[in-house]
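Thanks for coming, everyone. Please look at the sequence and the structure on the screen, and then we will walk through it.

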Amino acid sequence: MTAEWLTGGLAPGNFAPDDVEELGLNRSRNRNVRSSSREILGSPTLRQPAKEMGPRATRTVALILDATKEIFLSHGYAGTTVDEIARVAGISRASFYTYFPSKRDVLLALGAESAHAAATLVDYLRAVKSPWKASDIEDFVRKTFVVFDEHASFGFAWTQAAHQDEEIRIAGMKRHLQVCAGMGRALGSLRGEPFQDPTAQGLIIFSMLERAWSYCQLYTGKLDQASVQKEIAQVLQALLRNRTIRKS
């Protein structure tokens, strides 16, 4: 059957730009399982032994998702095994297979969460009023890092899996480029002049943010994350102030 995914309140339009709790991106395991009519990545499968999932089943699925995120970030997709997911989640191998046929289906479930979170960032940019302030851009960068804290492991795992799985590559690419296009259009609106190619511009900015976050994790103790965020915000501010010089 088609899965009902744990979206954690990350539907586009539900973004609150104040703190981590309001973002709905804290690592609470008390999530609700609900059906989603939104586009999701590929066709993941969630095994559901009972007609409706009770609290225990919901907690087990959340444990599996959280454990897989952790392992994806340190071992990547190819290096992640069902045995390791079960160990980190504190469940048996049989319990894993009670709910998911494979690690691929867990990846697809995480893709749905990640896509909703990324779309939320675009919503936040769209909510910034013109004329924008430096604090608006700084808040955007900070909130982006919060999202990556929770969801970037999917992006790294997806990149690896996409090289060998055409369905994952196509579905993930489509959703990613939609987010990049939305980000590029939102930034163009704040600039007061659209970019010639909003998707390309959004891809560049998204990639810069994602890689900067990644290096902050890799170089823990050597980089001050707050300083990196501030520098990125200054780059974005310069971009938004730079309008095309038109020839007469």
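How many aromatic pairs does the count come to? It comes to eight aromatic pairs. Here is the rule: rings of Phe, Tyr and Trp (its six-membered ring) pair if their centres lie within 6.5 Å. Planes under 30 degrees apart count as stacked, over 60 as edge-to-face, and the rest as tilted.

Take Phe148 and Phe206. Their pair is edge-to-face, at 5.7 Å centre to centre, with 80 degrees between the planes. Phe148 lies in helix α6 and Phe206 in helix α8, so this pair ties together parts that are 58 residues apart in sequence. Buried or exposed? Phe148 is buried, with a relative accessible area of 4%. Phe206 is buried too, with 9%. The cut-offs: buried means under 20% relative accessible area, exposed means over 50%, and partly exposed is in between (1.4 Å probe, protein chains only).

Next, Tyr215 and Tyr219. Their ring centres are 5.3 Å apart and their planes are at 25 degrees, so this pair is stacked. Tyr215 is partly exposed, at 34% relative accessibility. Tyr219 is partly exposed as well, with a relative accessible area of 38%.

There is also a cluster. Phe148, Phe156, Phe206 and Trp213 form one aromatic cluster.

A quick word on the source. This is a predicted model: local features need pLDDT of at least 70, side-chain atom pairs count only at pLDDT 80 or more, and totals for chains, interfaces and linings use all residues. Residues are numbered from 1 along each chain as its sequence is written, and side-chain values use heavy atoms, with hydrogens and water left out.

Now the overall picture. The protein chain has nine helices and zero strands. Read along the sequence, the pattern is α-α-α-α-α-α-α-α-α. Helices (H or I, at least four residues) and strands (E, at least two) are DSSP runs, numbered from the N terminus.

The protein chain has 248 residues, and buried residues make up 48% of them. The chain exposes about 12800 Å², and carbon and sulfur atoms supply 51% of that. Those areas come from the Shrake-Rupley method with a 1.4 Å probe; for residues, only the protein chains shown count as cover.

On to contacts, meaning heavy atoms within 4.5 Å. Take contacts between residues at least 6 apart in sequence: 75% of them join residues at least 24 apart.

Two residues show this well. Start with Val106, in helix α5. Val106 is buried, with a relative accessible area of 0%. Which residues is Val106 in contact with, leaving aside its neighbours within four places in sequence? They are Ile64, Leu65, Thr68, Phe96 and Phe100. Thr68 is 38 residues from Val106 along the chain, and their C-alpha atoms are separated by 7.5 Å.

Not counting residues up to four places away in sequence, Ala233 touches Ile137, Glu138 and Val141. Val141 is 92 residues from Ala233 along the chain, yet their C-alpha atoms are separated by 6.4 Å.

Stay with helix α9. It runs over residues 225-241, which makes 17 residues. From its first C-alpha to its last, α9 reaches 24 Å, close to the 24 Å expected at 1.5 Å a residue. That expected span is 1.5 Å times one less than the number of residues. The buried residues of α9 are Val228, Gln229, Ile232, Ala233, Leu236, Gln237 and Leu240. What covers them? The cover includes α6, α7 (166-191) and α8 (198-218).

Now charges over rings. The test: NZ of Lys or CZ of Arg is within 6 Å of the ring centre and within 35 degrees of the ring normal. The charged end of Lys103 sits over the ring of Tyr77, 4.4 Å from its centre. The charged end of Arg191 sits over the ring of Phe195, 4.2 Å from its centre.

One peptide bond deserves a look. Most peptide bonds are trans. The bond from Ser130 to Pro131 is cis, with omega near 0 degrees. Where is Pro131? In the loop between α5 (103-127) and α6 (134-162).

Last, the cysteines. A search of the whole structure finds zero disulfides, a disulfide being a pair of cysteine sulfur atoms within 2.5 Å. Cys180 is buried, with a relative accessible area of 0%. Cys216 counts as buried at 6%.
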